[in-house]
Amino acid sequence: MDFKVADLSLAEFGRKELTLAEHEMPGLMATRAEYADSQPLKGARIMGSLHMTIQTGVLIETLVALGADVRWVSCNIFSTQDHAAAAIVVGADGTPEDPQGVPVFAWKGETLEEYWWCTDQAFRWPDGKGPNMILDDGGDATMLVIKGAEYEKAGVVPEPTDDDSDEWKVVLELLKNSIATEPTRWTEVSKDIKGVTEETTTGVNRLVQMLDAGVLPFPAINVNDSVTKSKFDNLYGCRHSLIDGINRATDVMIAGKTAVVCGYGDVGKGSAASLRAQGARVVITEIDPICALQAAMEGYQVLTLEDVIDTADIFITTTGNKGIISAEHMARMKHQAIVGNIGHFDNEID
């Protein structure tokens with residue numbers, strides 16, 4: 001089995017946390033109990049690009065229990081829990097010396113080159129074929145297939161420009177090398193894909209843009225806008241995880257500090273509630289008048305970033321847009337201000 005993770009010796013610890021998570025995820029466990037015998041996903045070849053955490057591990061093993069053939073990468077260079085990745089590779093019945101689980105290509109702290117190499121590897125089944133379904137988070141995997149097929153049809157990959165991001169330059173280089181050695185690879189991969197599921201607001205926006213442009217080559221399921229995702233994960237999941245992330249990274253006391261939440265969608269609502277519960281004075285910045293009014297009605301002060309950039313202690317971006325906080329903004333912040341992003345892509349902070 002091909003895979004690349006940080007350290008398989010972490011698998012035992014990961015397996016213990018998977019057992020705990022299974023208890024907290026009764027929906028998936030009930031699905032296993034009801035459908036494992038009938039194998040409804042037999043024949044599904046699923047390429048997953050989703051944060052490689054313990055909770056994702058429960059999802060992966062549920063897909064396998066229902067008959068799917070799965071390969072996995074993380075959708076973020078920083079979010080992988082290395083013990084979770086190790087546990088999924090080793091599997092419930094394997095050992096670090098003889099892994100019996102699922103191919104995973106993910107470790108915490110990947111470079112951009114490593115991240116896109118991992119994504120490329122997850123598309124490569126041992127028999128030379130690719131997936132027939134993508135389970136995506138943020139749209140990177142879907143974008144790689146579509147852009148790869150587009151450039152193969154054109155016969156050339158465009159040269160990067162000075163305005164392109166460092167990440168886009170890495171993608172272009174990967175596709176240039178791919179077309180030079182496997183000139184029809186992504187076209188063939190695209191033909192086999194029956195559909196994609198997308199977990200994030202950002203990823204859904206990407207898909208809608210491709211649909212409007214007439215370049216979406218396969219069906220897409222908008223998981224993000226299901227009520228149990230956008231109204232629960234985005235709100236309550238972020239309410240739980242934001243403070244956890246700040247505490248792990250900084251271990252500072254939140255009470256009494258001024259915290260700025262940029263954006264008051266579902267993610268912003270959960271983030272603001274998280275900070276308020278810790279005793280922070282929370283300020284909201286928001287360009288949508290309805291969301292801004294909601295924030296005001298919840299008792300938050302609504303200001304512009306310029307109003308608070310010199311005085312606030314904590315800044316959290318939640319918008320899904322780019323360039324929300326710039327280097328010029330950070331130069332004006334007080335010493336040791338905390339800046340974080342809970343939106344999908346880190347380019348919210350420029």
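Tutor: Let us begin with how an angle between helices is defined: axes are lines fitted to C-alpha atoms over the stretch in contact, and the angle between N-to-C directions runs from 0 to 180 degrees. Please note that this is a predicted model. In it, α6 and α7 pack with their axes 10 Å apart, at an angle of about 50 degrees.

Student: Why is α6 called oblique to α7?

Tutor: Roughly parallel requires an angle under 35 degrees, roughly perpendicular 65 to 115, and roughly antiparallel over 145. The angle here is about 50 degrees, and therefore α6 is oblique to α7. The crossing of α6 past α7 is right-handed.

Student: Which residues of α6 and α7 make the contact?

Tutor: From α6 come D140, M143, L144, K147, G148, Y151 and E152, and from α7 come E167, W168, V171, L172, L174, L175 and I179. By class, this contact has 9 nonpolar, 1 polar and 4 charged residues.

Student: What makes α2 roughly parallel to α3?

Tutor: Helix α2 (residues 26-35) and helix α3 (residues 54-65) pack at about 15 degrees, with axes 10 Å apart. Because angles under 35 degrees count as roughly parallel, α2 is described as roughly parallel to α3. The crossing of α2 past α3 is left-handed. L28, M29 and R32 of α2 meet V58, L59, E61, T62 and A65 of α3; the residues of this contact divide into 5 nonpolar, 1 polar and 2 charged.

Student: Why is D98 called partly exposed?

Tutor: Buried means under 20% relative accessible area and exposed means over 50%. D98 has a value of 44%, which lies between these limits, so D98 is partly exposed. D98 is found in the loop between α4 (82-90) and β3 (104-105).

Student: How many residues along the chain separate D98 from L135, and what is the separation of their C-alpha atoms?

Tutor: D98 and L135 are 37 residues apart along the chain, and their C-alpha atoms are separated by 27 Å.

Key
Residues numbered from 1 in each chain as written. Predicted model: local features only at pLDDT ≥ 70, side-chain atom pairs only at ≥ 80, totals over all residues. Heavy atoms only, no water. Helix = DSSP H or I, 4+ residues; strand = E, 2+ residues; numbered from the N terminus. Left-handed = near helix turned anticlockwise from the far one by under 90°. Contact = heavy atoms within 4.5 Å. Nonpolar A, V, L, I, M, F, W, Y, C, P; charged D, E, K, R; others polar. Buried < 20%, exposed > 50% of the residue type's maximum accessible area, 1.4 Å probe, protein only.
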